[in-house]
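I opened this entry to record what I looked up, one topic at a time. The notes follow the order in which I checked things.

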Amino acid sequence: AEMAAAVGKEVFIHMPMQPTYRLPDVPEYSVVIGAGLSPDEIADRIARARASVPGAAGMNNHEGSLATEDPELMAHVMAVLGPLEFCFLDSMTTVNTTAWKAARDAGLCWGKNGDFLDADRSPPAIEAVFARAVARARRRGRAIIIGHAWSANTIDALERLIPAAQAEGITFVPVTELLTPGRASASGDRTPRAPGKPGGGGP
């Protein structure tokens, strides 16, 4: 997070949330947001995540195919994020997600993931998703996609595809520039916080 901020990149907390299957017992899931947590427990887990990712401008969900379908749970999450002036990007891991609606209703700036760049890690699949995102950006004016650092293929593809897209007139911006403003930020009471100046060069 500190390295990203130093070069002007936005940082989001990729918050683990409960999926429909059993999660492995690994450290990253010690802060998972899921069913049965009290509002205080949710606030504590988000606080721990914030402490481990300094300077974050917002949050999106990692997994969460079960948690994000629970409107009450998502309302509790957004109630914690509101005073932090966080944005929320719904990763859209289920078609029945209520997360983006909860963020909207809580007055946060919010958005939706349009596609996963590397759900299939093969280079042809990554290139196909990227091409769809570029086409969507041309058609709608914007596109958001989520990629992962787990695959060297992803990095290799982005190093090739981003300059080619830029040469064709596609601009890459911090994700907060593509989110729908919340009630408070739209009225001028607050604006999304970003760690350092906006940086280009990535989706």
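The model I am reading is a predicted one.

**Entry 1. The disulfide**

I looked for disulfides and found 1 in the structure. It joins Cys-87 to Cys-109, with an S to S distance of 1.9 Å. I then checked the hand of the link between Cys-87 and Cys-109: the angle about the S-S bond is -85°, and the link is left-handed. Which parts of the chain does the pair tie together? Cys-87 lies in strand β3 (residues 87–90) and Cys-109 in the loop between α4 (99–105) and β4 (110–112), so the link ties together parts that are 22 residues apart in sequence.

Are the two cysteines buried or exposed? Cys-87 has a relative accessible area of 0%, so by the cut-off of under 20% Cys-87 is buried. Cys-109, at 7% relative accessibility, counts as buried as well.

I stayed with β3 and asked what its two faces look like.

Next I listed the pairings of β3. Strand β2 (residues 58–63) runs parallel to β3 and is joined to it by 3 bridges. Met-59 has Phe-88 as its bridge partner in β3, and Asn-60 has Leu-89. β3 and β4 also pair in the parallel sense, over 3 bridges. There the bridge partner of Leu-89 is Gly-111 in β4.

β2, helix α3 (residues 71–81) and β3 make a right-handed β-α-β unit. β3, α4 and β4 also make a right-handed β-α-β unit.

**Entry 2. Strand β2 and β1**

How many residues of β2 are buried? I count 5 of its 6 residues as buried, and β2 is mostly covered. β1 and β2 run parallel and are joined by 6 bridges. One pair I noted is Pro-16 with His-62, its bridge partner in β2. The chain crosses from β1 through α2 to β2, and this β-α-β crossover is right-handed.

**Entry 3. The nonpolar cores**

I looked up the largest nonpolar core and found 29 residues in it. The residues with the most contacts inside this core are Met-15, Ile-46, Val-77, Met-78, Leu-81 and Phe-88. The elements giving two or more residues to the core are β1 (12–17), α2, α3 and α4. The largest share, 6 residues, comes from α3.

I took Val-77 as an example. Leaving aside neighbours within four places in sequence, Val-77 is in contact with Met-17, Ile-33, Ile-42 and Ile-46. A second, separate core has 15 residues, including Ile-126, Ala-157, Leu-158 and Phe-172.

**Entry 4. Helix α5**

At 1.5 Å a residue, its 18 residues should span 26 Å, and the end C-alpha atoms are 26 Å apart, so the two values agree. The buried residues in α5 are Ala-125, Ile-126, Val-129, Phe-130, Ala-133, Val-134, Arg-136 and Ala-137. What covers them includes α6 (152–167). After α5 comes Gly-141, with a positive phi near 95°.

**Entry 5. Two single residues**

I placed Thr-98 in the loop between β3 and α4. Thr-98 counts as buried at 14% relative accessibility. Its contacts, leaving aside neighbours within four places in sequence, are Thr-68, Glu-69, Asp-70, Pro-71 and Met-74.

Ala-51 went down last. It is in helix α2 (residues 39–52). Ala-51 is exposed, with a relative accessible area of 65%. From Ala-51 to Leu-89 I noted 38 residues in sequence and 19 Å in space, C-alpha to C-alpha.

Key: Residues numbered from 1 in each chain as written. Predicted model: local features only at pLDDT ≥ 70, side-chain atom pairs only at ≥ 80, totals over all residues. Heavy atoms only, no water. Disulfide = S-S within 2.5 Å. Helix = DSSP H or I, 4+ residues; strand = E, 2+ residues; numbered from the N terminus. Buried < 20%, exposed > 50% of the residue type's maximum accessible area, 1.4 Å probe, protein only. Pairing = 2+ DSSP bridges. Right-handed = clockwise from strand over helix to strand, strands pointing away. Core = buried A, V, L, I, M, F, W, Y, C linked by side-chain atoms within 4.5 Å. Contact = heavy atoms within 4.5 Å. Expected span 1.5 Å × (residues − 1).
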